[in-house]
Amino acid sequence: MNSNKQIIGKYQTLARILGDQDLLIEPPMYDSSLKFSLQGVQHQLQDVRLSAIKCLVELYRAMGEKVRNSFGELRPAQIE
């Protein structure tokens, strides 16, 4: 099992990768990153949730409305 710091580090690294405009990222990576980020938004620790939200922001920049359509499994409070 990963420690909370390791989990936060994974989300921070993913956000940096997704935010790098020079990288060409294949669509399957976006889909798996979206699933991973949605799991992080549901985490009990706020620091993990904030890091996962940063990933979702980068994914939204790349994918647009497809990200919003994936919010169906989140509670309304998690979406806000």
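Let's start with helix α2 (residues 27-41) and helix α3 (residues 46-63), which pack at an angle of about 150° with their axes 8 Å apart. Helices here are DSSP runs, H or I, of at least four residues, numbered from the N terminus. The axes are lines fitted to C-alpha atoms over the stretch in contact, and angles run from 0 to 180 degrees between N-to-C directions. The two helices are therefore roughly antiparallel to each other, a label for angles over 145 degrees.

Before going on, a word on the source: this is a predicted model, where local features need pLDDT of at least 70 and side-chain atom pairs count only at pLDDT 80 or more, while totals for chains, interfaces and linings use all residues. Residues are numbered from 1 along each chain as its sequence is written, and side-chain values use heavy atoms, with hydrogens and water left out.

Back to our pair. α2 passes α3 in a left-handed crossing, meaning that the near helix is turned anticlockwise from the far one by less than a right angle. Residues making the contact include Tyr30, Leu34 and Leu38 of α2, and Ala52, Leu56 and Leu59 of α3. Contact, by the way, is heavy atoms within 4.5 Å. The contact residues divide into twelve nonpolar, three polar and two charged. Nonpolar covers Ala, Val, Leu, Ile, Met, Phe, Trp, Tyr, Cys and Pro; charged is Asp, Glu, Lys and Arg; the others, Gly among them, are polar.

Now, which residues have the most contacts inside the largest nonpolar core? They are Leu34, Leu56 and Leu59, in a core of 18 residues. A core here is a set of buried Ala, Val, Leu, Ile, Met, Phe, Trp, Tyr and Cys residues joined through side-chain atoms within 4.5 Å. Leu34 touches Leu56 and Leu59, and its partners also include Met63 and Val67, not counting residues up to four places away in sequence.

Is Ser51 buried or exposed? Ser51, found in helix α3, is buried, with a relative accessible area of 7%. Buried means under 20%, exposed over 50%, and partly exposed in between, with a 1.4 Å probe and protein chains only. Leaving aside neighbours within four places in sequence, Ser51 is in contact with Ile8, Tyr11 and Gln12. Val57, also found in helix α3, is partly exposed at 38%.

Last, α1 and α2 pack at about 145°, with their axes 11 Å apart, and their crossing is left-handed.

How values were computed: Parallel < 35°, antiparallel > 145°, perpendicular 65-115°, else oblique.
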